[in-house]
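My entries below keep to what I looked up, in the order in which I looked.

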Amino acid sequence: MHFMLVTTMTEWNVEDQTRCVKVTPLDSTEIVFDTTMRDFPSSNSSSSCTPSVSSTDSSSTTVDLSVWPENFEVPWNRMPSGIKTAIALGKRPTAKDRREMIRIVVDEMRLTELNPSKSQCLIVAKKIVKQYSQSFADVLVDGTRIGTGYGSLLTQLKTRVEHVNRGCLLSRRRTQKKTSNSSGEDIAPGPADQYGCVRWQPECPQEESEESLQEKQKEMKDLYSTEGPAGVERGHLSQLMKATYYLQRKSINACPSPSIADLKNDWPYLFTPKELYNHFKSLTNITILEKLEKSMEEKGKMILQFFRQLPAGTNTDEMQRILMKYDDSGASCLIPCVVLLLLSHFKEKPEALFLQTDWMLSVEGQVVMNPHPNFMAGFAALFATYYNFNLVYQHEASCTLEFVQRCFVGINPSTGTKTVREEEQHSQSSCVYSSQKANGL
């Protein structure tokens with residue numbers, strides 16, 4: 001994202017690129033003393049938004065605002081006694097002491113920059129965890145590190161930054177407004193779902209034309225009419241699909257959006273697992289089946305361990321039932337077990353996503369892929385379908401799907417979402433696994 005900080009009296013252009021502010025001491029005759037009391041920064045007040053820079057040296061001072069996070073010094077001497085004791089003994093501080101530490105750290109950061117970005121907060125959080133990992137790293141009860149180890153600390157820092165900057169016009173980060181093209185004509189609105197994609201709508205290949213690509217499309221439709229889905233194994237089919245990727249995206253991104261039935265008629269091989277995965281690879285630069293298998297192997301057992309250690313509470317009985325079923329079935333049921341646990345944790349119904357049978361993929365009420373016994377292959381096809389066809393996550397399973405997106409697939413855009421409010425669901429398309437009349441896997 002590109003941000004800009006604007007003030008009414010003095011313009012400070014603060015962007016993500018290298019920034020320097022040159023501070024020159026005033027002559028004594030030019031100094032105006034302001035007797036207004038200001039408490040900035042303060043853990044109890046966020047109304048002051050004016051940065052202050054002081055210098056007792058008679059020479060000019062240059063402050064590089066792009067590298068300050070790397071040089072940032074955490075004011076450990078100002079921390080509450082609970083924090084000092086915890087880091088000295090290598091223990092976890094209390095939640096109250098940790099919140100006070102966050103306030104002190106953010107106040108110190110804002111002496112240099114009023115509204116630190118998430119990437120700047122990340123550097124500070126990483127530095128704190130590296131220095132005192134036993135006290136601040138994200139770990140399970142047995143000491144297993146969760147993810148990077150500083151995810152929760154980063155979230156607390158950024159949340160505090162946003163809190164103290166609420167209602168402060170001088171420290172807001174904004175993106176520049178889009179302007180009309182040079183001819184003065186407004187650009188026609190089109191699909192805006194580029195969430196996590198790297199080739200959402202590419203340009204037409206230089207060596208091709210719309211007519212030549214349409215001829216390739218017709219060749220594939222003729223092949224499907226004679227050989228059906230088995231034609232996907234022909235060697236030149238993947239080459240044809242790769243060559244016509246631009247035309248596929250143009251069809252999918254058309255406004256108004258085409259129906260799934262029309263897309264399946266125009267691009268029948270796009271609805272086979274192999275080409276569904278290939279299209280997702282071109283769209284996001286992620287090999288979806290391989291990525292899910294690797295992520296599930298690395299993180300799936302950690303998630304199981306986390307749910308085993310949960311104290312008694314809401315949904316605990318249901319989770320224990322799922323875990324017992326996994327223990328009886330063995331490692332082959334790891335993937336469905338993890339998904340079921342996530343659905344239960346987020347209080348979402350399993351039937352919103354799958355049933356326990358051979359899977360078939362249903363989009364807009366139509367079965368677009370036939371039954372298949374491999375759960376992982378089916379789940380990869382399901383997730384790829386959301387991105388390939390610009391579909392939203394159904395509200396009933398949106399939290400689980402977004403967790404899969406961020407934790408297992410590794411798509412973490414800083415803004416946007418593929419989830420819509422429940423009242424808007426009727427006007428959006430979503431996809432589910434389906435077995436006959438029921439939605440599921």
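I began with Glu 210, which at 22% relative accessibility is partly exposed, a class lying between buried (under 20% relative accessible area) and exposed (over 50%), as found with a 1.4 Å probe on protein chains only. I note that this is a predicted model, in which local features need pLDDT of at least 70 and side-chain atom pairs count only at pLDDT 80 or more, while totals for chains, interfaces and linings use all residues. Residues are numbered from 1 along each chain as its sequence is written, and side-chain values use heavy atoms, with hydrogens and water left out.

**Entry: salt bridges**

I took a salt bridge to be a side-chain nitrogen of Lys or Arg within 4 Å of a carboxyl oxygen of Asp or Glu, and by this rule I have 8 salt bridges. Helices here are DSSP runs of H or I with at least four residues, numbered from the N terminus.

Which residue forms a salt bridge with Glu 210? I found Lys 250, with the closest N and O atoms 3.0 Å apart. This pair links distant parts of the chain, since Lys 250 belongs to helix 9 (residues 245-252) and Glu 210 to helix 7 (residues 210-227), 40 residues apart. Lys 250 is partly exposed as well, with a relative accessible area of 39%.

I then looked up Arg 78, whose side chain meets that of Glu 108 in a salt bridge of 2.6 Å, N to O. Arg 78 lies in the loop between helix 1 (68-71) and helix 2 (81-89), and Glu 108 in helix 3 (residues 95-109), so the pair ties together parts 30 residues apart in sequence. For Arg 78 I noted 44% relative accessibility, which counts as partly exposed.

My next pair was Glu 318 and Arg 321, a salt bridge with its closest N and O atoms 2.7 Å apart. Both are in helix 13 (residues 316-329), and because they are 3 residues apart, about one helical turn separates them. Glu 318 is partly exposed at 32%, and Arg 321 is partly exposed at 45%.

**Entry: helix 14 against helix 16**

I found helix 14 (residues 334-345) packed on helix 16 (residues 398-409) at an angle of about 125°, with the axes 9 Å apart. Counting contact as heavy atoms within 4.5 Å, I listed Val 338, Val 339, Leu 342 and Leu 343 from helix 14, and Thr 400, Phe 403 and Phe 408 from helix 16. These contact residues divide into 6 nonpolar, 1 polar and no charged, where Ala, Val, Leu, Ile, Met, Phe, Trp, Tyr, Cys and Pro count as nonpolar, Asp, Glu, Lys and Arg as charged, and the others, Gly among them, as polar.

Notes: Helix = DSSP H or I, 4+ residues; strand = E, 2+ residues; numbered from the N terminus. Axes fitted to C-alpha atoms, helices over the stretch in contact; angles between N-to-C directions.
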